[in-house]
Amino acid sequence: MQIKPLTENYFDEVILLANLVHGDNYLDMEGLLDMIRKGTKSGLNACFVAVDDNDKIIGFRTTYAATQWSIDKWCTPDKWPVNNDLMAYFKCSAIAPEAQGQGIGPKLLEASIDVLKQQGAKAGLAHLWMQSPGNAAVKYFTKAGGVLINTHHDRWLPLCLEDGYVCTICGNECHCQAAEMAIIFEQKQ
């Protein structure tokens with residue numbers, strides 16, 4: 001397995017994997033291109049893929065650089081550990097079902113954090129799907145140093161109503177909860 005920057009030769013596979021893991025209409029080409037734009041700063045791309053020995057996608061992570069994403073009603077900046085302009089955003093991650101439990105998620109997260117630090121971020125925020133099987137998303141983020149900031153109900157409901165998103169658990173009307181969590185980046189000595 002290798003971790004590589006997310007480039008256009010992987011776009012189709014990333015979209016397929018995102019929709020398989022997160023639900024129909026979760027990600028399309030326009031959305032993915034926007035994620036790459038928001039994740040690239042100072043010529044550095046903070047979005048990555050994990051590929052197998054045949055260069056097939058087995059996981060990915062999209063991440064936004066600090067100051068390149070919008071703080072919305074699902075955010076609690078007054079509780080964040082750093083100023084808004086130093087907070088990056090971990091947008092999306094998915095691991096192929098057959099590759100889950102092999103430590104791929106943490107490796108993708110580490111690759112993104114390394115680039116985010118080079119971009120000048122001091123911490124990263126995520127909204128983690130609390131209804132993921134076994135609450136695995138929150139568990140893995142906590143193990144990586146994430147701390148809970150807030151819990152948000154119906155976080156993905158607007159995506160259902162406005163964009164046709166179909167949650168893998170709730171269907172066309174998602175009532176899943178999001179754990180707003182932050183990781184403070186340690187600076188290398």
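The protein carries 16 positive and 22 negative side chains, and the centres of these two sets are 8 Å apart. The model is a predicted one, in which local features require pLDDT of at least 70 and side-chain atom pairs count only at pLDDT 80 or more, whereas totals for chains, interfaces and linings use all residues. Residues are numbered from 1 along each chain as its sequence is written, and side-chain values use heavy atoms, with hydrogens and water left out.

The secondary structure consists of five helices and nine strands, arranged from the N terminus as β-α-α-β-β-β-β-β-α-β-α-β-α-β. These elements are DSSP runs numbered from the N terminus (helices: H or I, at least four residues; strands: E, at least two).

Along the principal axes, the C-alpha atoms fill a box of roughly 45 × 40 × 30 Å. Of the 189 residues, 49% are buried (under 20% relative accessible area, with a 1.4 Å probe and protein chains only). The accessible surface amounts to about 9500 Å², 50% of which belongs to carbon and sulfur atoms; areas were computed by the Shrake-Rupley method with a 1.4 Å probe. Among contacts (heavy atoms within 4.5 Å) with a separation of 6 or more, 75% join residues 24 or more positions apart.

Seven aromatic pairs are present in the structure. Rings of Phe, Tyr and Trp (its six-membered ring) pair if their centres lie within 6.5 Å; planes under 30 degrees apart count as stacked, over 60 as edge-to-face and the rest as tilted. The pair of Trp69 and Trp80 is tilted, because the ring centres are 5.8 Å apart and the planes stand at 35 degrees. Both residues lie in the loop between β5 (57–64) and β6 (87–95), 11 residues apart, and Trp69 and Trp80 are buried. Phe90 and Phe185 form an edge-to-face pair, since their ring centres are 6.4 Å apart and their planes at 70 degrees. This pair links distant parts of the chain, with Phe90 in strand β6 and Phe185 in the segment after β9 (177–184), 95 residues apart. Phe90 and Phe185 are both buried. Ring pairs also join Tyr64, Trp69, Trp80 and Tyr89 into a cluster.

How values were computed:
Buried means under 20% relative accessible area, exposed over 50%, partly exposed in between (1.4 Å probe, protein chains only). Lys and Arg count as positive and Asp and Glu as negative; His and the chain ends are not counted. The place of a charge is taken as NZ of Lys, CZ of Arg, CG of Asp or CD of Glu.
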